[in-house]
Amino acid sequence: MRTATLVATALFASLPLFAQAAPYTTLDAAQSQLSFQYSQMGVPMQGKFTQFSGDISFDPAAPDATSADITVEVSGIDTGSTDGDLEVVTPAWLNVEQFPNARFVATSVVPDGEGRFRVEGDLTVKGTTQQLSVPVTFTEKADGHAVLEGKVRLERGAFKVGEGAWSTYDIVANEVDVVVQLAVSR
Amino acid sequence: MKTGFFPGHDVATVALLFPPLVRTVSQPSYTTTAKSLHWLLACLLFGLLALGFYMQSLPFSPRKLELMSWHKWAGVTVFLLVWLRLGWRLTHPAPALPAHMNAFERLAAHGGHALLYVLMLAIPLSGWLMSSAKGFQTVWFGVLPLPDLVARDRALGDLLAQVHVVLNWMLIAMIVLHVLAALKHHFIDRDGLLERILFRFTPEK
């Protein structure tokens, strides 16, 4: 009985240690990835954004206190081909001259299983804001580093990306799968 | 006397335009398979060349991407058909060259055909590699993906594009020589050589 009490006390005593683990407040953009996949006449294409930064505060034990504000410099886009890169910055597509940045601001984070969270937020691209719901996995690494990974399917049409002749979606599909891999540290 | 080949025209008219067709002596001929592949490829190559020149002139647009896909799909088809043609030719030798041809002429004939085969294989190959180097995997008819034999590389892509263009100009030159040679045999040598690749229709009795 005394051993049990001892163990129980030890357990309860150690709980605050978990609850008070410091949140992750630094986004290591250099170690992070923001990539996307799309389809062009049945051909799978891979692209990525090479320039993004942001402020993040995430504590897996207190997800409701999360704040995340990521800004992407759209001109740093790589569509998977040179022809695509030259086209995608034009007004019919991302209109980089008028809208140099895209932005994601998290509005709520709820737990969704072991190491999994559901992140709701507002994504603004080309001046249009859409609400997103992204399933995210959290993986703790050594030395106060961790990785947040998420994948979400967007419709480029909702942001008017690829207007005019490009909006029939038979040549470049509407669906764009965005894959986010954020390296964070304390 | 009417002929079956040109319904409605009489023999005299046909004799003026196509002297060898009037002869009743049987000529050595290519197999029907060889003839079919030859003319099918001729049509496809003509279409590909026309499409290639046209689509290249377009500014980047959905239409251009669409035409480029069709061009690539047709190109892959030609690549496969040429292998078939080559395999058929190696297993079903072409009829012997006319007796009047000397050693140089024979060398020119065989060399010319060999070069045509090399170009017909090298051109789609260069296109395939170019597409991969430019970041576009080739998916045949949007269904069968072909592997990227080279990684995405802008400089390599531009180089292969130039190779593709140069090879195509060589093909055009070879086709012109090929046609001129055939016409020379037909109108000057009058040796019935052109007949051998044409589909034969039996004249009405």
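The model is predicted, so to speak of local features a pLDDT of at least 70 is needed, side-chain atom pairs count only at pLDDT 80 or more, and totals for chains, interfaces and linings use all residues. Residues are numbered from 1 along each chain as its sequence is written, chains are lettered from A in the order in which they are written, and side-chain values use heavy atoms, with hydrogens and water left out.

**Stop one: where chain A meets chain B**

Select 16 residues of chain A and 15 residues of chain B to display the contact, where contact means heavy atoms within 4.5 Å. About 1500 Å² is buried between the two chains, with carbon and sulfur atoms giving 64% of it; buried area is the accessible area (1.4 Å probe) that two parts lose on being put together, summed over both.

Next select A:Asp85 and B:Arg152, which form a salt bridge with their closest N and O atoms 3.8 Å apart, a salt bridge being a side-chain nitrogen of Lys or Arg within 4 Å of a carboxyl oxygen of Asp or Glu. Between chain A and chain B the count is two salt bridges, and a network of salt bridges links A:Lys48, A:Asp78, A:Asp85 and B:Arg152.

**Stop two: chain B as a whole**

Colour chain B by element to find six helices and two strands, which are DSSP runs numbered from the N terminus (helices H or I, at least four residues; strands E, at least two). From the N terminus on, their order is α-α-α-α-α-β-β-α.

**Stop three: salt bridges inside chain B**

Go to helix 4 (residues 62–91) of chain B, where B:Glu66 and B:Arg63 lie three residues apart, about one turn of the helix, and where their side chains meet in a salt bridge (3.0 Å, N to O). B:Glu66 is buried at 18% relative accessible area, while B:Arg63 is partly exposed at 45%; buried means under 20%, exposed over 50%, and partly exposed in between (1.4 Å probe, protein chains only).

Then select B:Lys184 and B:Glu105, whose salt bridge has its closest N and O atoms 3.4 Å apart. This pair links distant parts of the chain, 79 residues apart, with B:Lys184 in helix 6 (residues 154–189) and B:Glu105 in helix 5 (residues 103–133).

Finish at B:Asp158 and B:Lys134, a salt bridge with closest N and O atoms 3.3 Å apart. B:Asp158 lies in helix 6 and B:Lys134 in the loop between helix 5 and strand 1 (139–140) of chain B, so the pair ties together parts that are 24 residues apart in sequence.
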